[in-house]
Amino acid sequence: MQNKILITLCILCLDIFTSCAQGNTEVEKIEVEKSTEKQEPHSYGGWYCPDNLGGFPAVDIKDWNSVPVVNGRMATKEETQNGTSLIDVDLEKYPNAKPLDLKMPKLARYYNRSSRKEEIIIVIQALKISNDSIVGFRYLNGGNGSARLSEVKFLSNNEIDNMATSHFVTLSIDVNATKDEIWDILTNPKYYEILQPIFDKENSIGAGKMNSPKVNFNYNNAGTITSEFAGDLYGNKYIQIDAELGNNQYVEKFLVGENQETKKSEIVLVCGPYGDDFESQKSIINSWAQKVKELSEKQ
């Protein structure tokens, strides 16, 4: 069962990626609504897909330089679908398209108008198309996006060397329940009092004080919430909570996919980055996810 649902979710993630590349997604609509500045988007694909956790999983900062890339040539269609690259250029339509003279991967900063914060990204593709210079990138916390070259700022070697060590907690949990049953446990406030003690055994936060009204999950050091989304997305259920505390760009992602034949599901969860509290948060999050599984299977 586990392998079958994993395969199903990978296909769903690929479908999300393909749809994003066509520029027709619910997430893109949210981005436009949240944007504080009007900006004409480019039209070459590789759109904002933070939920593409199968195609581009989260990357710990120490591993950023080891992600697969294509250098010195245009990526093949297969490479734009297997996590190696991102934008598939129609060379019949753009015969003069070519790679920019940049060696990938590169770390950069990019202001994400959907999460409303400046994020660290890994640039994995840089192209010259018509009169545009376009980059495709993956977020450290998973998923992908693209932008004009002028919208990203590459980090210096000194900035990279001084970056704090950080890790993401990534879990995949099989659940013998439908995605709607899981969604109820994740989002219905009546379950918060059951799930809250996993984070706060002594109830020091206080009853009913949730970090976000979107999900029954609470990390005390998340910081100020900058953006929230919870809803349906291409046959999946998806939640993303973005926050920042100083230079810490914290995020929580919950992707719930269902095998339509068996009505069994999988929760893919990414939270972080965490620093010195990584091991303790990993243990807490695993306990929380197991409790969500238990409650969902009792529905």
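Visitor: Where does Pro273 lie?

Guide: Pro273 lies in strand S11, where strands (E, at least two residues) and helices (H or I, at least four residues) are DSSP runs, numbered from the N terminus. A cis peptide bond joins Gly272 to Pro273, with omega of about 5°. This is a predicted model, in which local features need pLDDT of at least 70 and side-chain atom pairs count only at pLDDT 80 or more, while totals for chains, interfaces and linings use all residues. Residues are numbered from 1 along each chain as its sequence is written, and side-chain values use heavy atoms, with hydrogens and water left out.

Visitor: Where is Pro105 found?

Guide: Pro105 is in the loop between strand S1 (98-99) and strand S2 (106-112). The peptide bond from Met104 to Pro105 is cis, with omega near -5°.

Visitor: What is the phi of Tyr234?

Guide: Tyr234 is not a glycine, yet its phi is positive, at about 50°. This residue is found in the loop between strand S8 (224-233) and strand S9 (236-245).

Visitor: How are two packed helices described?

Guide: The description gives the angle between their axes and the distance between the axes. Axes are lines fitted to C-alpha atoms, for helices over the stretch in contact, and angles run from 0 to 180 degrees between N-to-C directions. Here, helix H4 (residues 179-187) packs with helix H6 (residues 278-297) at an angle of about 125°, the axes being 9 Å apart. H4 is therefore oblique to H6; angles under 35 degrees count as roughly parallel, over 145 as roughly antiparallel, 65 to 115 as roughly perpendicular and the rest as oblique.

Visitor: Which residues of H4 and H6 meet?

Guide: Contact means heavy atoms within 4.5 Å. Glu181, Ile182, Ile185 and Leu186 of H4 meet Trp288, Val292, Leu295 and Ser296 of H6. By class, these contact residues are six nonpolar, one polar and one charged. Ala, Val, Leu, Ile, Met, Phe, Trp, Tyr, Cys and Pro count as nonpolar, Asp, Glu, Lys and Arg as charged, and the others, Gly among them, as polar.

Visitor: At what angle do H5 and H6 cross?

Guide: Helix H5 (residues 192-199) and H6 cross at roughly 155°, and their axes come within 9 Å. H5 and H6 are therefore roughly antiparallel to each other. On the H5 side the contact is made by Ile194, Leu195, Ile198 and Phe199, and on the H6 side by Ile284, Ser287, Trp288, Lys291, Val292 and Leu295. Eight of these residues are nonpolar, one is polar and one is charged.

Visitor: How much space lies in the largest pocket, and which residues lie nearest its centre?

Guide: On a 1 Å grid over the protein atoms alone, a pocket is an open set of points with protein on both sides within 12 Å along at least five of seven lines, whereas a cavity is a set where a 1.4 Å probe fits but cannot get out; lining residues have an atom within 4 Å of a point. Grid points are joined across faces, edges and corners, and a volume is the space filled by probe spheres set on the points. The largest pocket holds about 590 Å³. Its lining has 19 residues, with Ile120, Met163, Asn247, Asn248 and Gln249 nearest the centre. S3 gives the largest share of this lining, three residues.

Visitor: How many cavities of 30 Å³ or more does the structure hold?

Guide: There are two. The second largest cavity has about 90 Å³ of space. Strand S3 (residues 117-129) gives the most to its lining, four residues.
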